[in-house]
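Here is a friendly tour for anyone meeting this structure for the first time. Take a look at the model, then read on.

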Amino acid sequence: MTWLLALILLPLLGAVAVAFLRRNDRLATMTAFAVSIVELVLILPLWLSYDPGGERLQQVSSLEWIPAFGVHISFGIDGIALLMIAVIALLVPVVFALLRSTDKLPEDKDIGGLLSLILLQQSLTIAVFAATDVFLFYVLFEIMLIPMYFLIGGYGGPRRQYAAVKFFLYSFLGGLIMLASAIGAYSLAADELGEGTFDWATLAGVVSEAPLETQIWLFLGFFLAFAIKAPLVPFHTWLPDAASQAPVGVTVLLVGVLDKVGTFGFLRYSLPMTPDASAELAPFVLVLAVVGVIYGSMLAAGQTDMRRFVAYVSIAHFGFIALGIFAFTQQAVAGSATYMLNHSLATGMLILVLGIVAGRGGDTRIDAYGGMAKVTPVLAAMLLIAGLSALSLPGTNSFISEFLVLLGAFDTRPAYAVIATVGMVLAAAYILWLYQRIMTGPVRGDAMLAAAPGPGTAAAPEAGARKTIRDLGGREIAALAPLVVLIIGLGFYPKPVLDTVNPSVEQTITAVQER
Amino acid sequence: MNPFLAQQLQPVDAPGIDWGAILPMVIVFGAACVGVLVEAFVPKHQRWSGQVVLTLGSIAAAGIALGAYVSGRPSHGVLTMAGTLSIDTPALFLWGTLLALSVAAVLMIADRSVEPGGSFVAQAGIAPGTVQDRAQVQSTGMQTEVFPLALFALGGMMAFTAANDLLTMFIALEVLSLPLYLMCGLARRRRLLSQEAAVKYFLLGAFASAFFLYGLAMLYGYAGSVRLADIATASAGTDRSDTLLFAGFGLLMVGLLFKGSVGPFHTWTPDVYQGAPTPVTAFMAACTKVAAFGGILRVLTVAFEATSWEWRGVMWAVAIISMAIGAVLGLTQTDLKRMIAYSSIAHAGFLLIGTMALTDEGLSGTLFYLLAYGFTTLATFGVISLVRDSSGEATHLSAWAGLAKRSPLLAGVFTFLLLALAGIPLTSGFIGKFVVFSAALSDGMAPLVVIALVFSAVAAFFYLRVVVLMYFSEPAPDGPTVSVPGAFTTASIALGVIVTLLLGILPAFALDWAGAGGFALGG
């Protein structure tokens, strides 16, 4: 059994165990947390045993599933998948540790159910990054929606039903269209090789030699699924709803990791399988990407709700990632691949910190807060670090990724790179403005000050009195510390991450560059 | 002696009968006849147990006979009864499917604990609302004729899927339909609705049969024979009237598509599914669908393969209409049984896509889909029959709100079945869609497949609506209770759920069976 399989199976078993223990809140919480920590520790041997200069896919294991269609349950990772698996293993324990600060469960729900579903989600997400069989990838891509659907619909905010169904239907439709493309690729391989297969490497070999017109159809099917997942404008409308209604911890995983399946799909499936079509249609994708950067930034600036704010910030960032991928240069794609990691860290932390803010103040409206830094200086510092990373300040992890994307894109697509640079400026504006509105100035806002007492309630506290809001406790600081360390550490020393992805990136884009 | 009789004096060669091949069907028909005798001669209090043992025993015996025959069967099938029946691999697969599904359906029919005395009225002849009718509401008797009726219907379905000429097919169609018309009107609760369903089904079914017969006559006029293979041979020649051929084909298909509840010939489906006793609905939804599509597959493949370019466009339109009606009207339904009825219309559209492919993959894909869909829909109706209030089954959607809080197990099972109907991976519904769509895609029907995928997503919305309702809504204050199912219904639901899961995770063996061979084209 490979380390990779252990990483997939452990949270699955954990989810079952926690589901059985859900009557006992304390035991369920401890078990779930312990499982997530072991999972994180297991990343170490996986990372160490990964040889960046070695085979394209490592930690390979395979089992026959449906022989009639040449379907296998096969897993394996490249450097890009390794990064994504590592980041979800890191985020889950952080989310668990902060759950009490960020989320209040609906009354009749027990926490064990939530934790169990998150562990299940973790297992499926790791599996989807590790799948090397296209059929298996599709199956996991769709199955993955079910725990997320119950996480949003069962534990979310007031409009959770709407958000859950919208999320599910968007992704499900995208997945079905992808299925059509996957079947198309399969029958192409069946004609070509005389025997159908869903093996990723074989399919990529066959399909990449297909005529352009065929490739375009197959590309479009995969593209739609990934563009909805990522999400690219104009397929993004489900994200603000889902991100604002899901519990904070779940939003972290949704925006931080799950959505990366989309950009990961571009790298793993779109580019190697349909290189001609990718090259042919790149301008259209780039337009969507750049529109996403500008549109996401402008809407983020205009949001009055913190959760929706983060969703639009992410849409802008996904635009950057897509720009890098479809620029087809080594630097740009490497930038995008590391951005997938860095965005998870930066946005994950931003969502968590804003979640703590909203948890303390009991309000997600931005204008309900003001001058909070005076009351909670440590929380303010955390928000600043997360924010600076999200706006890609030099010295934080995101800077090097965004810089590489723009640099690489400028070589081949200068116009798009220039427009996207405007996005960087806008990012500075909306992040700093958010920080300013919440943290600086005099203490003000509904969440910070008691409301004016109504007539006849003489005993109520004086209007304008400060509510007591605690600063971060030791446990919360400890939970956020790993993120802070990584954000600053990778900002100054990104080499390990770049070294891990570079060979995989090179293999990914050789096919396209040859065209 | 008159000349007609004189002719009969010539020695007549009795047609050869391959008893081993048709034994399963003979057992079912024989048991049905014995069942009628049981009704006549066995004392009333012993009838129910006698009928249950007889029915389940005969189905099991037929299954064993089938299993024994399959292992040693000739690989290209046999034609028997003077070429009127073709016992080939698809027919055997469909027989197995029908027998397995009818076990689950009969278990539901036999259940007497969910509804005291069973879902069936003691005396269907009493008019609703009369004094006698009010008196019989109190009784717990049950019209046990339903068992032989089910066996006759089952036998008719088996004959239908094996029929090698149109006349045999027509007779089998009537044999399977007439008992179903009767069974629809036997509901213990909501008698008027049930009788309305029966009359509606009968009248529309009679029309459909008439269409079928008219088409048969035209095809006989065209080919000079009712044999499917002869029609294929005749259509290869060019000197005959194409008008006759395609008019006959069209009328024939109307009759068949009606039975498969394919839109736009579906109008009976919602009313009948809603009005019939739920076990009968389950039986119809699963077994009739299997039989009808088995028949369509055979007719299209054996008789009309050569002319497929002429009729394929029309069938495309029918499939699209069926999926559109099922998916879109399903969204507006507020009654669960009606909703599943519309879902079955959408599924009929998907099935038709596989049927049209006329390739080996299309054949095996459609057969697999039928097996998978049959078990899922059976278990779905089984679960629906468990949620009840004082007036019987609570099938209105609002009654299902917040059900997950009160009965998490039932809600979980139902969610799984709905996901299977929606075609989510790791359920049989997904593998079924996958095999059918991949067959259609490799046969050059890519646009149709994309349309079908879009309608799958639309249909997923109304399945999700029920899931949302069960899990995320507040329960109604005077909501229905969930009956503790008796052993029979439990077994039936469990069977459906296990098969749905098994075919979703390990479909290889069933795909191998379904793909073991094609129709016997000869004769």
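## Chain B as a whole

Of the 523 residues in chain B, 57% count as buried, where buried is the label for a residue with 20 or more other C-beta atoms within 10 Å of its own, exposed is 12 or fewer, partly exposed lies in between, and C-beta atoms are placed from the backbone. Please keep in mind that this is a predicted model, in which local features need pLDDT of at least 70, side-chain atom pairs count only at pLDDT 80 or more, and totals for chains, interfaces and linings use all residues. Residues are numbered from 1 along each chain as its sequence is written, while chains are lettered from A and ligands numbered from 1 in the order in which they are written.

Chain B holds 21 helices and five strands; helices (H or I, at least four residues) and strands (E, at least two) are DSSP runs numbered from the N terminus. Its radius of gyration is 23 Å, close to the 24 Å that the globule rule gives for 523 residues, so chain B is as compact as a globular protein of that length. That radius is taken over C-alpha atoms, and the rule is 2.2 Å times the number of residues to the power 0.38. Along the principal axes, the C-alpha atoms of chain B fill a box of roughly 75 × 60 × 40 Å.

## Where the chains meet

The contact takes 23 residues from chain B and 23 residues from chain A, with two residues in contact if their C-beta atoms, placed from the backbone, lie within 7 Å.

By class, the side of chain B that touches chain A has 18 nonpolar, four polar and one charged residues; Ala, Val, Leu, Ile, Met, Phe, Trp, Tyr, Cys and Pro count as nonpolar, Asp, Glu, Lys and Arg as charged, and the others, Gly among them, as polar.

## A covered helix in chain A

Helix α10 (residues 238–245) of chain A is mostly covered, with eight of its eight residues buried. Among them are A:W238, A:L239 and A:P240. What covers the buried residues of α10(A) includes α6 (145–155), α7 (160–193), α11 (248–258) and α14 (306–325) of chain A.
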